Amino acid sequence: MQTNFIRKIFFDEKSRSLLIQALVIGIFAVFIYLLVQQTAANLERRGISSGFDFLSMGAGYDISIRLIPFTSEDTHLRAYFVGLLNTLMIAICGCFLATILGFFVGVIRLSSNWLFRNIAYVYVEFTRNVPVLLQIILYYSILLHLPKIKQAIVLFEGFYLTNRGLYSPLPIFKEGFSIIVVSFVLAIIASFIIKKYLKKKQEHTGKQYPIFLINSALVIFTPIFMYYLMGMPLEFELPVLKGFNFKGGMVIRPEFIGMLLGLSIYTAAFISETVRSGIISVSKGQREASQALGLKSNLIMKLIIIPQALRVIIPPLTSQYLNLTKNSSLGIAIGYADLVHGFGGISLNQTGRAIEIMLMVMLTYLTISLIISFFMNIYNKAVQFKGNA
Amino acid sequence: MSSLSINSFTHKKYYNWVIRNLFSSWINSIFTIIALIFLYKVGSFFLNWAFFEADFRYNFQGDLILDRTFCSKNIKPGEFGACWAIIYARWDQFMYGFYPVEEVWRVNLTFALLPFALFGVLFDKIPFRKYFIYFTFLYPFIAYFMLYGGPGLSPVGTNKWGGLLVTLFLGITGIALAFPLSILLALGRRSKLPIIKSICVVFIEFIRGVPLITLLFTANVMLPLFLPQGVNPDNLLRALVAVTLFQSAYMAEAIRGGLQAIPKGHIEAAEALGLTYWQTTRKIILPQALKIAIPPIVNTCIGLFKDTSLVLIIGLFDLLGIGRAALADMTWTKLYYEVYVFISLVFFIFCFGMSRYSLYLEKKLKTDNS
């Protein structure tokens with residue numbers, strides 16, 4: 001009777017799976033318990049206190065690259081937000097630049113010109129087979145060896161490239177500029193409504209409207225019109241060389257430019273490969289069929305090839321954006337004050353709260369990753385095949 | 001007569017190729033000319049810098065280059081290119097780090113045996129493959145004994161390791177340790193047992209959601225806190241733990257892709273034959289799934305190999321770390337481009353080799369299936 005019962009536990013699938021899982025939970029719980037106990041004992045022995053109270057203490061260090069004001073008297077919590085904003089800034093700029101460069105190179109890789117195709121190929125192979133950290137450091141050292149301020153390279157009027165960064169005019173927004181921004185946003189919203197309306201009309205009547213032309217005119221000319229209407233409320237303050245430094249204007253630091261170049265050039269190589277494989281994945285028959293229907297080549301691209309290629313491109317593109325965001329943590333190697341460098345590095349060293357700070361940093365990156373995945377998944381659903389097939 | 005016609009035929013062939021690929025339309029011709037100018041400018045600049053105007057071991061006056069003041073470009077600024085003497089001078093550090101000079105033969109022997117250990121794993125149609133595989137399993141013990149020391153060999157602490165040795169050590173050991181772990185994670189993620197599944201999902205997604213540098217920091221700063229007093233792994237081992245966990249999560253996702261590609265019928269047929277879960281997994285599912293997953297697995301390995309350069313941030317001297325150390329030395333400072341170009345080239349050779357291997361496998365697997 002008893003042996004039967006034991007046999008049943010081992011050979012019945014349900015009870016066995018329960019048993020295995022109970023065992024796993026047990027081992028896991030013991031493991032966690034030992035870990036926590038050990039850590040607590042170690043912390044006590046080393047005299048490290050724990051808790052998040054350090055966040056309200058003064059940071060005591062300065063951050064040179066910042067989007068919000070920060071002085072050494074501000075708290076660690078504020079240092080966290082400065083770092084977070086810097087991480088987001090480099091991630092957004094990097095994704096933007098990498099996408100443009102990646103699509104450009106991806107299209108060149110499919111060009112009918114043999115030389116162009118192979119120059120792009122060499123670019124892709126050389127950049128994606130060299131560590132991104134090495135590239136960031138390399139570009140950064142190139143930037144640091146630009147001419148000194150006295151011999152600054154003049155790119156355009158008001159743009160000076162030096163070993164201390166790119167000096168450029170500072171836009172000064174006067175009263176009424178917000179109205180221009182609002183009008184710009186409204187124009188974009190209006191263009192979507194017009195597009196929807198005209199598409200509907202086209203479906204009813206069959207007549208085609210120059211939607212793109214109308215909308216781009218709307219989006220471009222509305223802010224320009226408002227700009228003059230409001231009495232030109234935008235001025236630029238040019239950087240002027242005075243003594244040993246530039247006065248006025250704004251400076252984009254070499255750390256930022258180095259990170260931006262490194263991340264976007266590296267990621268663009270991967271994006272170009274996904275773009276290329278996406279376009280190749282659209283079968284030849286699709287193009288031939290649309291040619292047979294008499295579509296023009298730009299319409300074939302717009303209506304047939306790109307919508308189908310996007311389906312293949314979007315999922316790997318998402319993971320490239322995630323990679324770029326995670327790689328932005330390499331700023332620590334060249335002193336770009338991102339989350340890991342400022343909060344995860346200097347604050348950690350000052351307070352010694354390694355567990356709390358690393359946990360916060362990791363959870364922040366997880367959250368950013370999840371947000372990117374979430375939005376890209378929405379976009380992915382929008383471009384995926386709709387229908388019964 | 002006949003040779004002439006063949007000649008004109010090949011000429012015609014090249015001519016046609018040039019027309020079709022370079023000058024098919026006037027816009028294409030403009031692109032070709034732009035590309036040629038670009039290639040000429042960049043190519044001549046780079047070749048001049050790296051070869052024709054560069055110093056190798058002797059400068060333009062014929063002196064052996066002992067430090068940076070001997071470099072031609074530092075004697076006559078603006079007239080000369082690279083000064084590769086730094087690579088010669090620091091060659092041992094680039095390869096072995098601070099490994100004692102009289103013991104370097106041990107590292108060389110370990111490097112030399114590495115291809116034999118990989119041979120059996122990478123290629124399947126070779127003679128005596130069985131023995132190569134045996135050697136592969138033996139190799140880690142040989143490597144440990146040779147590098148770390150043991151009976152008969154003086155011990156060399158990992159704090160003396162550096163350069164290519166550390167890069168290869170972290171890359172290869174990380175991949176080798178992560179492989180079995182990743183199979184378990186991938187199987188666990190597809191398990192029917194909800195608790196095991198959720199543990200695996202949380203582990204994989206957590207590791208994939210955070211940057212490697214935070215894992216390295218965590219391992220570096222916090223591993224001593226988690227472990228009992230007295231157990232104090234050295235820095236290299238801490239980095240290895242982080243790298244292994246990181247790689248196992250990415251590899252698990254690659255293997256999961258392979259597992260998903262196995263038709264359900266295979267599993268059902270195996271169950272109908274009375275095979276247990278582990279028998280089914282070992283004999284039916286894994287051999288097929290791993291075969292499909294090899295190209296993405298190799299891709300994660302390339303990624304890991306590049307990512308080993310991050311350990312310089314936690315103070316280890318891998319190839320890039322040694323390069324930065326060489327530049328920090330006053331006798332060789334400011335030769336940035338030489339050092340970084342050299343390190344890029346080393347990484348490129350390894351990573352490009354791996355990506356070619358992955359392409360070769362993809363091609364081979366395709367013909368196998370059809």
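What share of the contacts in chain B with a separation of 6 or more comes from residues 24 or more positions apart? They account for 68% of those contacts, where a contact means that the C-beta atoms of two residues, placed from the backbone, lie within 7 Å.

## Before you look around

This is a predicted model, so local features need pLDDT of at least 70 and side-chain atom pairs count only at pLDDT 80 or more, while totals for chains, interfaces and linings use all residues. Residues are numbered from 1 along each chain as its sequence is written, and chains are lettered from A and ligands numbered from 1 in the order in which they are written.

## Chain A as a whole

Let's start with chain A, which has 12 helices and eight strands. Helices (H or I, at least four residues) and strands (E, at least two) are DSSP runs, numbered from the N terminus. The radius of gyration of chain A is 28 Å, well over the 21 Å that the globule rule gives for 389 residues, so chain A is more spread out than a compact globule. That radius is taken over C-alpha atoms, and the rule is 2.2 Å times the number of residues to the power 0.38.

Along its principal axes, the C-alpha trace of chain A spans about 85 × 70 × 45 Å. Of its 389 residues, 29% are buried. Here, buried means that 20 or more other C-beta atoms lie within 10 Å of a residue's own, exposed means 12 or fewer, and partly exposed is in between, with C-beta atoms placed from the backbone. Take the contacts in chain A between residues at least 6 apart in sequence: 67% of them join residues at least 24 apart.

Now find helix α8 (residues 254-281) and helix α10 (residues 297-327) of chain A, whose axes come within 8 Å and cross at roughly 160 degrees. Axes are lines fitted to C-alpha atoms, for helices over the stretch in contact, and angles run from 0 to 180 degrees between N-to-C directions. α8(A) and α10(A) are therefore roughly antiparallel to each other: angles under 35 degrees count as roughly parallel, over 145 as roughly antiparallel, 65 to 115 as roughly perpendicular and the rest as oblique. Among the residues making this contact are A:Leu263 and A:Phe270 of α8(A), along with A:Ile305 and A:Pro316 of α10(A). By class, the contact of α8(A) with α10(A) has 12 nonpolar, eight polar and no charged residues. Ala, Val, Leu, Ile, Met, Phe, Trp, Tyr, Cys and Pro count as nonpolar, Asp, Glu, Lys and Arg as charged, and the others, Gly among them, as polar.

A:Leu260 is also found in helix α8 of chain A. Is A:Leu260 buried or exposed? It counts as buried, with 22 C-beta neighbours inside 10 Å. Leaving out residues up to four places away in sequence, A:Leu260 touches A:Ile90, A:Cys93, A:Gly94 and A:Leu97.

## A loop residue in chain A

For a contrasting spot, look at A:Glu157, in the loop between β1 (153-156) and β2 (159-162) of chain A. A:Glu157 has 8 C-beta neighbours inside 10 Å and counts as exposed. The C-alpha atoms of A:Glu157 and A:Ser168 are separated by 9.0 Å, with the two residues 11 apart along the chain.

## Where the chains meet

The contact between the chains takes 41 residues from chain A and 40 residues from chain B. On the side of chain A that touches chain B, α2 (13-46), α4 (114-128), α5 (132-144), α11 (339-351) and α12 (354-383) of chain A each supply at least two residues. α2(A) gives the most, with 10 residues. This side of chain A divides into 27 nonpolar, 12 polar and two charged residues.

## Over to chain B

Chain B has 15 helices and zero strands. Its radius of gyration is 26 Å, well over the 21 Å that the globule rule gives for 370 residues, so chain B too is more spread out than a compact globule. Buried residues make up 32% of the 370 residues in chain B.

Helix α8 (residues 164-189) and helix α13 (residues 277-307) of chain B pack at an angle of about 135 degrees, with their axes 11 Å apart. α8(B) and α13(B) are therefore oblique to each other.

One last stop is B:Phe128, in the loop between α6 (104-122) and α7 (129-148) of chain B. B:Phe128 is not a glycine, yet it has a positive phi of about 55 degrees. Most residues other than glycine have a negative phi. B:Phe128 is exposed, with 11 other C-beta atoms within 10 Å.
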